Amino acid sequence: MSKLPLIVGFGGMNAAGRSSGFHSYKRMVADVLADQEMASTWLDLAHRMGLADGTTVDPEVIDAIKTGTLVRRIESFDPDSLRYQYKAALNGGQETITFSLRKSKMPSRIPDNWQVEEQGSKVTITVTGELNALLEDRVTFPVTSGGNIPSGFEPGKLYNSRFHPRGLTLAVYGASDALNSMGLDWDEVLGHIKPDQVSVYAGSALAQVDENSLSGMLAAPLTGGRVSSKMMALSLAEMPADFINGYVINSIGTTGTSMGACATFLYNLRQGMLDIQQGNSRVAIVGNAEAPVVAEIMEGFRVMGALAEDAQLKALDNSDTVDNRRACRPFSSNAGFTMAESSQFVVLMDDKLALELGATVYGSVADVFINADANKKSISAPGVGNYVTMAKATALAKAILGAEGVKQTYVQAHGTGTPQNRVTESHILNEVAKTFSIDNWPVTAIKSYVGHSMSAAPGDQLIASLGVWQYGWIPGIKTIDHIADDVHQTNLNILTDHHFAGENGEDYKGVILNAKGFGGNNASSLVLSPQQTMSMLSKKYSDDVMSAYYNKNKLVSQHAVANDVAACEGQELIRYHFGESVMDETSVVMTPEAVKLSEFAASIPLATENPYADYS
């Protein structure tokens, strides 16, 4: 019998704020939540953004928080003054060109038309004819909208992050936040499992691409910079997993990342889910961190016609002013997607371990379905694979919840805000709804709030969905005022306003997360509500087991709340243990039956029976 992977922790950071404590979700639906429900979120954001140092938040600060969160004008670079260099062939005409340099800056190959005269530590160079040069300029970037994390927040300042790329600082922050949300000490978790029964699947689709990593390394020879010893290693796409293993949780277990463009988080979620279902791991930390709001990366997407440019947004609004806040407009008249940064992580446990520890259950991952697009005309164009993934996920919902229960689900659409996506994805969702006799299937798209964070985007969707089952509101697509004429919606209810889902979201037993990645990387996942999950666990386990679980969970929940309160007041714990509990060759003791490592109480058993005896 397969084990049910339970979601027992979650954390991270995106343009809406911190994920644990449901704070990023609450920022999205702030206009329908009571002041007392929002108080902790405003306090949390005020501390993250450097706008408060106490336990209260003034109305003026709340206004500043609102301005500095969600999709807005880009802050990670100045779109009005972007450095740019042009190639130029300078020619003095009848005159020569003369300039001075330090000797250390002289090229190793001196052009034939240079005359060099030494003057102490400098040289004077006289050029006859042309001089090839790069002329620096400052240009206006055509895209000014982005989903930066909250203004003023720098996760790298919370730990010793010397020269870490922004994506890695987000990964360390996200994983720490997820572990803190559990209300369980990590050493206590390790005490209940073998050292290799932990999986970590984490990465980034675009790798690390800022000045401290790949971008800086590639640009250095052409900009006069220097390549450091860290740049190459820290650029690798799986580095978030490596950092979590080596510096956050001290893990000897399975590790890596699966990559599927914008569906990558769900690819990793599937890996963690399978490890738990098959009994290979009892705990899986799954996530992605992406920091792609970088001019060079955005330019690559812009020239493809994928990003919403200011001129296009102005034309849609018939305005001379760009509305950055409404840059992403899923299923409406739109122009392209909005690049964003995010770090999202969840902690999965097998059901037996979660009950033993008293872990809080936020939901469960029923399955993740991945299908390619087969033959296609354009590698970046959508194809048929997403019909298959959505059909599989919905069919599973019907199999688990019944013919009526499947109607108690809703969809977190990929919803990028591109003209092509609004047509193709709406057709897929509409046809699936027809096939399973679902009328008015609720569909939302939270990229309208936080932008498109590439590999982490499905994680944004999952974290927002968990909030629905706590506070009862499905975030509506508030950046649009109409549904485009070419959108298919006969069986859909595309939410243009927040939708009440019942007390604690009890009207909905599951959500289907949908992701469509470049290259034909389609993934859809069925996630079950905490109420549905607990109902299933109650059928599998005895009343005594469940009663003992609820008793243990009281203390665990109190610890989780205490951790959240501390974080809201600016005292969160960042787990980063560089150089601690390091093992070497003297730390390993092996026998034919097991491997014992000095830093772990339990041994790692080795195979003693032939698993393929039937073939012998």
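Which residues are exposed on the other side of helix 3? I started my notes there.

**Helix 3**

Before reading anything off, I noted that this is a predicted model, in which local features need pLDDT of at least 70 and side-chain atom pairs count only at pLDDT 80 or more, while totals for chains, interfaces and linings use all residues. Residues are numbered from 1 along each chain as its sequence is written, and side-chain values use heavy atoms, with hydrogens and water left out.

Back to the opening question: P59, E60 and T67 are the exposed ones on that other side of helix 3. I took buried as under 20% relative accessible area, exposed as over 50% and partly exposed as in between, with a 1.4 Å probe and protein chains only. Helices (H or I, at least four residues) and strands (E, at least two) are DSSP runs, numbered from the N terminus.

The buried residues of helix 3 (residues 59-67) are V61, I62 and I65. Seen down the axis of helix 3, these buried residues fall within an arc of 100 degrees, so they line one face of the helix. The arc is that of the directions from the helix axis to the C-beta atoms. The buried residues of helix 3 pack against helix 2 (35-48), with contact meaning heavy atoms within 4.5 Å.

Next I checked how covered helix 8 (239-248) is. Seven of its 10 residues are buried, so I wrote it down as mostly covered. The buried ones are M239, P240, A241, F243, I244, N245 and V248. Their cover includes helix 4 (166-181), strand 10 (198-203), helix 7 (231-235), strand 11 and strand 13 (342-350).

N250 follows helix 8 and has a positive phi, near 55 degrees. It sits in the loop between helix 8 and strand 11 (254-256), and N250 is partly exposed, with a relative accessible area of 30%. I found another such case in S581, which has a positive phi of about 55 degrees although it is not a glycine. S581 is in the loop between helix 18 (543-568) and strand 22 (588-590) and is partly exposed at 41% relative accessibility.

**Strand 10**

Is strand 10 mostly covered or mostly open? Mostly covered: six of its six residues are buried. V198, V200 and A202 point one way and S199, Y201 and G203 the other way, and all are buried. In a regular strand the side chains alternate between the two faces of the sheet.

For partners, I used the rule that two strands pair if DSSP finds at least two bridges between them. Six bridges join strand 10 to strand 12 (residues 283-290), running parallel, and A202 has G287 as its bridge partner there. Three bridges join strand 10 to strand 11, also parallel, with S199 opposite T254.

I then looked at an open sheet of three strands, order 5-7-6, with antiparallel pairing. Its edge strands are strand 5 (97-102) and strand 6 (114-119), each pairing on one side only. Six bridges join strand 5 to strand 7 (residues 122-127), and I97 stands opposite V127.

**Aromatics**

The structure holds 19 aromatic pairs. Rings of Phe, Tyr and Trp (its six-membered ring) pair if their centres lie within 6.5 Å; planes under 30 degrees apart count as stacked, over 60 as edge-to-face and the rest as tilted. One that I looked up is Y84 with Y86: their ring centres are 5.1 Å apart and their planes at 50 degrees, so the pair is tilted. Y84 is partly exposed at 43%, and Y86 is partly exposed at 38%.

W473 and F500 have ring centres 5.1 Å apart and planes at 55 degrees, so this pair is tilted. The pair links distant parts of the chain, W473 in strand 17 and F500 in strand 19, 27 residues apart. I also noted one aromatic cluster formed by F10, F22, Y25, Y362 and Y471.

**Cysteines**

C328 counts as buried at 1% relative accessibility, and C568 is buried at 3%.
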